[in-house]
Amino acid sequence: MMLSPDQAADSDHPSSAPSDPESLAGPDTKGLLGCCVSDPEPVEEGGGEGKGGGRAALHPQQLSREEKRRRRRATAKYRSAHATRERIRVEAFNLAFAELRKLLPTLPPDKKLSKIEILRLAICYISYLNHVLDV
């Protein structure tokens with residue numbers, strides 16, 4: 001079991017008990033101290049046994065950067081926006097290939113070429129044009 005830096009500092013002395021009120025209260029007495037302890041941060045029920053371990057479940061603002069990113073990406077709004085951006089990117093990519101394809105000479109002129117064939121043909125054509133200019 002890996003300890004966070006906070007826990008590692010406390011574990012130097014195994015006989016020392018935690019000093020924060022939540023740790024002293026334990027899961028069974030949470031309701032007893034809940035009214036006396038002012039805790040501005042939201043606390044989830046379940047004692048941290050859920051996904052992400054104890055630290056992430058008890059203190060949402062202390063989530064790692066990666067966990068925050070995962071939670072933000074899990075929303076339907078984010079996925080929809082990402083899919084829209086990706087669709088626009090792919091359309092622009094395909095349009096650029098179509099424009100490059102129009103500039104390349106092939107027989108027959110309307111022959112369907114894959115993207116890699118378009119790139120290879122463009123390289124050969126540019127090389128040929130450079131050779132023509134050098135002669």
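## Overall fold

Among contacts (heavy atoms within 4.5 Å) between residues at least 6 apart in sequence, 0% join residues at least 24 apart. The chain holds 7 helices and 0 strands. Helices (H or I, at least four residues) and strands (E, at least two) are DSSP runs, numbered from the N terminus.

This is a predicted model: local features need pLDDT of at least 70, side-chain atom pairs count only at pLDDT 80 or more, and totals for chains, interfaces and linings use all residues. Residues are numbered from 1 along each chain as its sequence is written, and side-chain values use heavy atoms, leaving out hydrogens and water.

## Surface

Of the 135 residues, 11% are buried. Buried means under 20% relative accessible area, exposed over 50%, partly exposed in between (1.4 Å probe, protein chains only).

## Salt bridges

The count is 4 salt bridges. Each puts a side-chain nitrogen of Lys or Arg within 4 Å of a carboxyl oxygen of Asp or Glu.

Glu67, Arg70 and Arg71 form a salt-bridge network. Arginine 70 meets glutamate 67 at 3.0 Å, N to O. They sit 3 residues apart in helix α5 (residues 65-73), so about one helical turn separates them. Arginine 71 meets glutamate 67 at 3.3 Å; these two are 4 residues apart in helix α5. Glutamate 67 is buried at 12% relative accessibility. Arginine 70 is partly exposed at 47%, and arginine 71 is partly exposed at 35%.

In helix α6 (residues 76-103), arginine 89 and glutamate 86 are 3 residues apart. Their closest N and O atoms are 2.8 Å apart.
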